[in-house]
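Visitor: I am new to this structure. Please pick one part, look at it closely, and then show me what surrounds it.

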Amino acid sequence: MSTAEETTAASAESVEDVEFVDMAFTKELRKATKDVHNLTDAVVNAKFAFALSDDEVWYDGLLAFYELYKFFETHLPERLLPKEFYRTEAFERDFAYFYGAKWKETYEIRPAVQKYLEHLEKVAAQNELLLFAYAYQMYMALMSGGQMLQKKRMIARKLWIFSKGDDQELQRQAEKEAELATARAADAALDQEDLQARPMPAQVTICPRGCEATYFPEKIPVLKAKLRRVFNDHYGAFDDELRAAFIEESRNVFRFNIEVVRTIKGVNRANLRKLALAAIFVTSIVLAIKLAIK
């Protein structure tokens with residue numbers, strides 16, 4: 001069986017495993033958060049460019065968001081956030097791998113994260129369902145973009161052990177995601193977007209040391225469907241006031257995330273290093289061509 005056929009078969013198997021979930025509320029929420037979501041994408045793309053495959057940038061990014069996931073897992077009941085989504089211990093094992101066993105001795109919560117946590121405290125005191133607005137967006141992000149970013153890192157570090165065809169499939173998915181981001185930026189008609197037809201980022205299916213934060217043993221489509229059902233069960237029962245508050249807090253997720261992303265260290269260094277390597281490569285090719293034609 002070819003790589004393409006294997007990918008198609010795996011996708012079909014994943015779809016068969018997932019019980020149908022109505023996407024009407026998901027579309028409504030995505031439409032309501034479209035502008036701030038686009039802004040976040042633009043900030044991330046502009047800031048990171050080539051840097052996310054750099055280990056120091058990657059782990060500092062995990063460190064920046066670690067406290068938020070820990071907060072959700074200690075403040076939300078299991079009926080809103082089932083334990084199979086928990087990431088705190090996986091984050092901590094990754095930090096121990098990269099920073100060393102005593103990483104907590106030098107760890108400090110950065111001001112932007114502290115401000116975020118203080119807001120989450122107020123939200124949790126008001127209504128735990130509004131706190132779920134944050135958790136829903138954050139865990140969905142980890143199961144979407146987080147999967148693709150981790151897999152790209154693993155390929156760059158030669159940790160991804162599967163075929164080159166798998167790398168090509170990842171590239172095709174990245175291109176599809178880029179096309180979708182471009183469509184959003186151009187204010188394409190989101191109302192007509194079939195969310196169920198969107199490309200599913202390739203799931204990280206192996207778990208080397210230091211790569212646990214984005215690893216989910218259960219199939220991502222199954223987990224996403226489970227989280228969407230939790231969302232549907234509650235959002236559908238909201239009155240107009242609570243629904244409006246939920247949407248506003250969902251928008252705040254992206255606003256706060258932008259500020260946290262801006263604190264991630266090592267980005268400029270990593271980007272400059274990769275640009276310098278690219279420049280050296282291009283210069284070498286140009287010189288080689290000039291020498292060849294003399």
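Guide: Start with a pair of side chains: Asp60 and Arg110 form a salt bridge, with their closest N and O atoms 3.2 Å apart. The pair links distant parts of the chain, as Asp60 sits in helix α3 and Arg110 in the loop between α4 and α5, 50 residues away. A salt bridge here is a side-chain nitrogen of Lys or Arg within 4 Å of a carboxyl oxygen of Asp or Glu. Side chains of opposite charge can pair when their charged atoms come close. Asp60 and Arg110 are buried. Buried means under 20% relative accessible area, exposed means over 50%, and partly exposed lies in between (1.4 Å probe, protein chains only).

A word on the source. This is a predicted model, in which local features need pLDDT of at least 70 and side-chain atom pairs count only at pLDDT 80 or more, while totals for chains, interfaces and linings use all residues. Residues are numbered from 1 along each chain as its sequence is written, and side-chain values use heavy atoms, with hydrogens and water left out.

Pro111 lies in helix α5. Pro111 is exposed, with a relative accessible area of 70%. Its C-alpha atom is 9.8 Å from that of Glu259, although 148 residues separate them along the chain.

The largest nonpolar core has 55 residues; Phe65, Leu68, Phe72, Tyr116, Leu120, Phe132 and Phe246 have the most contacts inside it. Helix α3 (55–75) gives two or more residues to this core, as do α4 (88–99), α5 (111–126), α6 (128–142), α9 (220–235) and α10 (240–261). Such a core is a set of buried Ala, Val, Leu, Ile, Met, Phe, Trp, Tyr and Cys residues joined through side-chain atoms within 4.5 Å. Take Phe72: leaving out residues up to four places away in sequence, it touches Leu81, Leu120, Leu131, Tyr134, Ala135, Met138 and Tyr139. Contact means heavy atoms within 4.5 Å.

Other charged pairs deserve a look. The structure holds 11 salt bridges. One of them joins Glu28 and Arg243, whose closest N and O atoms are 3.7 Å apart. Glu28 is in helix α2 (residues 24–48) and Arg243 in helix α10, so this pair ties together parts 215 residues apart in sequence. Glu28 is partly exposed, at 30% relative accessible area, whereas Arg243 is buried, at 19%.

Arg93 and Glu212 meet in a salt bridge too, at 2.6 Å from N to O. Arg93 lies in helix α4 and Glu212 in the loop between α8 (164–185) and α9, so parts 119 residues apart in sequence are tied together. At 41% relative accessibility, Arg93 is partly exposed. Glu89 joins Arg93 and Glu212 in a network of salt bridges.

Finally, step back. The protein chain has 11 helices and 0 strands. Helices (H or I, at least four residues) and strands (E, at least two) are DSSP runs, numbered from the N terminus. Buried residues make up 43% of the 294 residues in the chain. Among contacts with a separation of 6 or more, 83% join residues 24 or more positions apart.
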